[in-house]
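Please keep the sequence and the model in view while reading.

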Amino acid sequence: MTQLNEKEIQLAALICEGCTTPAELTAKLKNLFSGALEKMLEAEMDEHLGYEKHSVLGNNSGNSRNGYGKKTIKSEWGESEIKVPRDRNGTFEPQAIEKRQTRTDDIEARVMAMYAKGMSTRDIEDHLRDIYGVEASASLISRITDKLMPAVVEWQSRPLDAIYPIVFLDGIMFKVRKDSRVVNKCLYSVLGINLEGRKEILGIWLSENESASFWVTVCNELKNRGVEDIFIACRDNLSGFSNAIETVFPKTEQQLCVIHQIRNSTKYVPYKDIKPVMADLKKVYGAPTLEDAEYRLEEFREKWGRKYPQILKSWDANWAELSTYFKYPQEVRTLIYTTNAVEGFHRMLRKFTKTKTIYPTDDAVRKSVYMSVQEISKKWSMPIRNWGIIFGQLMIFFEDRLQGKMAI
């Protein structure tokens, strides 16, 4: 704990003199804040004119003081009215509190911090009023957070690594106002595992519907930002994505999420058959080899094919991309057979955004998600579990594509 020096102790004694409650001390500090701010502005005016107030050096200098203007400043001490000095030529540009500035940077920092934690503009408005005594409308708070948009655009277009061994794709729904109505929009996240084994959100894309052209745009954007190769792409059955990634990254292997496939398979199975159907499906996706998995699938077909033909139809149609993980060792399989990595990110994202039931614009969604990504990413400082083993195995399977791309 930092100890006060003698001058600071004397100053503290002067400030608290006559105060008997914390409220009285706060009121005194508020007055000191506005007084100190006025002193700073006076010093800036002295520097601007080149002479101090009432100095004879100001005679016939061509510019002089011209009274004061009043301004209400919002800060952590609440709202304070201050006097701002003016000069006759109107050339004074204060720096401590700039022209047309009505709030200090600390208030903006508080707003940004609360917004990053998932608070809605209405909640922030109430918090500023209750804690700091500052009246800030929801529209004002929205304008403050609008300053994030250049950072959002810069983040979304930042350069990426040349190689991402594994990427995960999934979507999360948000309600957004559009033309006086509320529509559901899906925000698609691409989470990459870089060569060091660390998670990284490569980008976010908002869309009302999936299509091949949409995914081609996403893949081309990743390529234009520096991505040259993706070894394995893990995803749900996203419409149009398969053809899109084959066009932009033709060497990329695709793995459909087995968990999503099981959920879709059992969607229309009655309760009395759920357990035996699940047990037989587990023999398929839990098989040690591809050959054994295909044998177990045929067993499932003989037992359940007539009763639940839609299950076999789905597995047959997607088998090529469902069975990719069988060629890899257990550590790699455990990582890629499900999109749990990006789903876990979306669960954390929902914690930050759950108070915002409806967003006014697409940009409001992007701002909120961007701030949440910054908070969530702070926890991704270490490589994923067993990355050393996983990367060693990937080096064997993709040795030719890793050569010259990293120091070994």
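Which residue is the bridge partner of V167 in strand 4? The partner of V167 is G192.

The model is predicted, so local features need pLDDT of at least 70 and side-chain atom pairs count only at pLDDT 80 or more, while totals for chains, interfaces and linings use all residues. Residues are numbered from 1 along each chain as its sequence is written, and side-chain values use heavy atoms, leaving out hydrogens and water.

**The chain**

The chain has 17 helices and seven strands. Both are DSSP runs numbered from the N terminus, with at least four residues (H or I) for a helix and at least two (E) for a strand. Of the 408 residues, 45% count as buried, meaning under 20% relative accessible area with a 1.4 Å probe, protein chains only. Among contacts (heavy atoms within 4.5 Å) between residues at least 6 apart in sequence, 64% join residues at least 24 apart.

Five strands form an open sheet in the order 5-4-3-6-7, with mixed pairing. Two strands pair if DSSP finds at least two bridges between them. Strand 5 (199–207) and strand 7 (253–256) are at the edges with a single partner strand each, so one side of each has no neighbour in the sheet. On average, neighbouring strands of this sheet are turned by 25 degrees against each other, direction ignored.

| Strands | Bridges | Direction |
|---|---|---|
| Strand 3 (residues 163–178) and strand 4 (residues 181–193) | 13 bridges | antiparallel |
| Strand 6 (residues 229–235) and strand 7 | four bridges | parallel |

I232 stands opposite E253 in strand 7. In a regular strand the side chains alternate between the two faces of the sheet. In strand 7, E253 and Q255 point one way, Q254 and L256 point the other way, and all are buried.

**Two packed helices**

The axes of helix 10 (residues 271–285) and helix 11 (residues 290–304) come within 7 Å and cross at roughly 155 degrees. This makes the two helices roughly antiparallel, a term for angles over 145 degrees. Axes are lines fitted to C-alpha atoms over the stretch in contact, and angles run from 0 to 180 degrees between N-to-C directions. Helix 10 contributes residues including P276, L281 and V284 to the contact, and helix 11 contributes residues including L297, F300 and W304.

Terms used
Buried < 20%, exposed > 50% of the residue type's maximum accessible area, 1.4 Å probe, protein only. Parallel < 35°, antiparallel > 145°, perpendicular 65-115°, else oblique.
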